[in-house]
Amino acid sequence: MDLMTLCGILVGGGAVYYVMVQGNIVNLLLDINAAILVFGGTFGAALLTYPWKIVKIIPKAITMMIFPPKRIGNDIAIKTIVSLAEKSKREGIEKLQEDIPKLETPFLKEALQMVVDGLETELIKEKLEKELSLIRQRHHQVASIFRSMGAYAPIFGLLGTLIGVVQVLRNLQDAQSMGAAMAIAVTTTFYGIFGANFIFLPIAGKLTIYSEDEITLKELLARGVLSIQKGDVPVVVQTKLEAFLAYKLRGKETEKK
């Protein structure tokens with residue numbers, strides 16, 4: 001489980017709940033009709049905007065935000081590639097076939113298999129770039145649906161406010177009905193703003209960061225595999241791949257040499 005997500009939920013949710021308790025308005029802001037209007041309307045707008053192939057990924061994307069997929073770090077990936085480069089230079093590129101089943105990353109397995117099979121460099125490069133492009137596009141679409149929901153939610157909150165105002169105007173002679181209508185008007189605004197800024201936009205932001213990390217790792221692996229196929233010596237392979245490391249990590253790797 002992602003610790004920062006848990007901390008964010010506890011800190012942000014706790015802050016809102018504390019203020020609500022201090023103001024003695026917890027019960028006033030729990031309104032099922034307002035929730036149906038804002039979250040139902042937001043989800044309906046998302047269904048209108050995006051095709052089913054994107055919408056059906058929403059549960060998986062939310063799960064991924066809480067339980068991010070385990071991936072090897074860029075520094076570990078570089079060590080793996082350099083190790084493969086050393087074996088390729090020492091025993092021949094065909095011997096890397098023995099290492100492919102032991103690799104943890106399917107992308108690296110597939111890329112290295114193409115190298116061992118003797119495919120041309122341009123063909124391998126084109127296939128890997130195409131796969132990276134499709135991954136980037138798919139991730140962008142999934143993050144976009146949450147950004148759109150973050151834009152829709154406050155609008156449906158405003159719509160609820162307008163509906164509440166209309167109800168007030170229709171019941172000017174009934175003070176009790178006016179109070180209930182105003183409560184719905186204010187509650188929908190609360191749900192809209194809360195949903196946008198505490199649910200939908202944070203999910204979009206975190207998915208974008210996870211996507212960038214995955215793309216960077218796969219670009220590193222692709223560059224490393226192509227470098228092995230080119231016949232670069234291990235030190236050259238490592239130097240090429242160190243550009244993917246943060247400055248501090250590059251310094252540590254340099255000290256180890």
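**Entry 1: terms and ground rules.** The axes are lines fitted to C-alpha atoms, for helices over the stretch in contact, and the angles run from 0 to 180 degrees between N-to-C directions. This is a predicted model, where local features need pLDDT of at least 70, side-chain atom pairs count only at pLDDT 80 or more, and totals for chains, interfaces and linings use all residues. Residues are numbered from 1 along each chain as its sequence is written, and side-chain values use heavy atoms, with hydrogens and water left out.

**Entry 2: helix 2 against helix 7.** I looked up helix 2 (residues 32-49) and helix 7 (residues 121-170) and found an angle of about 135 degrees, with the axes 8 Å apart. (Helices here are DSSP runs of H or I with at least four residues, strands are E runs of at least two, and both are numbered from the N terminus.) Helix 2 and helix 7 are therefore oblique to each other.

Next I listed the contacts, meaning heavy atoms within 4.5 Å. On the helix 2 side they include Gly41, Ala45 and Thr49, and on the helix 7 side Met149, Phe156 and Gly160. I sorted the residues of this contact into twelve nonpolar, five polar and no charged. For that sorting, Ala, Val, Leu, Ile, Met, Phe, Trp, Tyr, Cys and Pro are nonpolar, Asp, Glu, Lys and Arg are charged, and the others, Gly among them, are polar.

**Entry 3: helix 6 against helix 8.** How do helix 6 (residues 106-116) and helix 8 pack? I get about 20 degrees, with the axes 10 Å apart, so helix 6 and helix 8 are roughly parallel to each other. Helix 6 also passes helix 8 in a right-handed crossing. Phe107, Leu108, Ala111, Leu112 and Val115 of helix 6 meet Lys218, Leu221, Ala222, Val225 and Gln229 of helix 8. These residues divide into eight nonpolar, one polar and one charged.

Entry 4: Helix 1 (residues 3-22) has 20 residues and reaches 28 Å from its first C-alpha to its last, close to the 28 Å expected; the expected span is 1.5 Å times one less than the number of residues. Thr5, Gly12 and Met20 are buried in helix 1, where buried is under 20% relative accessible area, exposed is over 50% and partly exposed lies in between (1.4 Å probe, protein chains only). Their cover includes helix 4 (58-66) and helix 8 (175-230). Just after helix 1, I noted a positive phi of about 55 degrees at Asn24.

Asp2 lies in the segment before helix 1. Buried or exposed, I asked of Asp2? Asp2 is buried, at 14% relative accessible area. Leaving out residues up to four places away in sequence, Asp2 touches Met65, Ile66, Pro68, Lys206 and Tyr210.

**Entry 5: two more residues.** Thr161, in helix 7, counts as buried at 19% relative accessibility. Beyond four places away in sequence, Thr161 touches Ala185, Thr188 and Thr189.

Leu217 lies in helix 8 and is buried, at 4%. The C-alpha atoms of Leu217 and Ala185 are separated by 47 Å, though 32 residues apart along the chain.

Notes. Parallel < 35°, antiparallel > 145°, perpendicular 65-115°, else oblique. Left-handed = near helix turned anticlockwise from the far one by under 90°.
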